[in-house]
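Here is a short walk through one model, from a loop to the overall fold and then to the aromatic rings. Have the structure open and follow along.

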Amino acid sequence: MGNLDKLISSVAGILDVSVDIVNENSSRDNVLQWDSLAMVDLITELETVFGVQFDIHEIAEFNSVKNIKISLEDKGVSFK
């Protein structure tokens, strides 16, 4: 499983939605389950899955899968 699949799977699992509806354009604006409580669980999941740690400034930008992916890339996670 590639890193993009891991990211999509993690987001879908935490938000309790099908992986089929999660993509880079998924965000707080278009996924109803993406609330503040889910964000706490999502951050913990992503830190575990990718072996990284996020700071508060990065977390503030986590309003879409695309932004999360960019943050992970900044930490050296490859999506190629």
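Asp29 sits in the loop between H1 and H2; helices here are DSSP runs of H or I with at least four residues, strands are runs of E with at least two, and the numbering starts at the N terminus. With a relative accessible area of 77%, Asp29 is exposed (exposed means over 50%, buried under 20%, partly exposed in between, with a 1.4 Å probe and protein chains only). Asp29 and Ile68 are 39 residues apart along the chain, and their C-alpha atoms are separated by 15 Å.

A quick note on ground rules: this is a predicted model, where local features need pLDDT of at least 70, side-chain atom pairs count only at pLDDT 80 or more, and totals for chains, interfaces and linings use all residues. Residues are numbered from 1 along each chain as its sequence is written, and side-chain values use heavy atoms, with hydrogens and water left out.

Back to the loop between helix H1 (3-15) and H2, which also holds Asp16. Asp16 is exposed too, at 68% relative accessible area. What is its phi? Asp16 has a positive phi of about 55°, although it is not a glycine. Most residues other than glycine have a negative phi.

Now zoom out. The protein chain has 4 helices and 0 strands, and along the sequence that reads α-α-α-α. Its radius of gyration is 11 Å, close to the 12 Å from the globule rule for 80 residues, so the chain is as compact as a globular protein of that length (the radius is taken over C-alpha atoms, and the rule is 2.2 Å times the number of residues to the power 0.38). Along the principal axes, the C-alpha atoms fill a box of roughly 30 × 30 × 20 Å. Of the 80 residues, 39% count as buried.

Taking contacts between residues at least 6 apart in sequence, 49% join residues at least 24 apart; a contact means heavy atoms within 4.5 Å.

Beyond its neighbours within four places in sequence, Lys69 is in contact with Leu4, Leu7, Glu24 and Phe79.

Rings of Phe, Tyr and Trp (its six-membered ring) pair if their centres lie within 6.5 Å; planes under 30 degrees apart are stacked, over 60 edge-to-face, and the rest tilted. That gives 2 aromatic pairs:

| Pair | Centre to centre | Angle between planes | Type |
|---|---|---|---|
| Phe50 and Phe79 | 6.4 Å | 45° | tilted |
| Phe54 and Phe62 | 4.8 Å | 85° | edge-to-face |

The Phe50 and Phe79 pair links distant parts of the chain: Phe50 is in helix H2 (residues 36-50), while Phe79 is in the segment after helix H4 (65-74), 29 residues apart. Both Phe50 and Phe79 are buried. In the other pair, Phe54 is buried at 8% relative accessibility, and Phe62 is buried with a relative accessible area of 1%.
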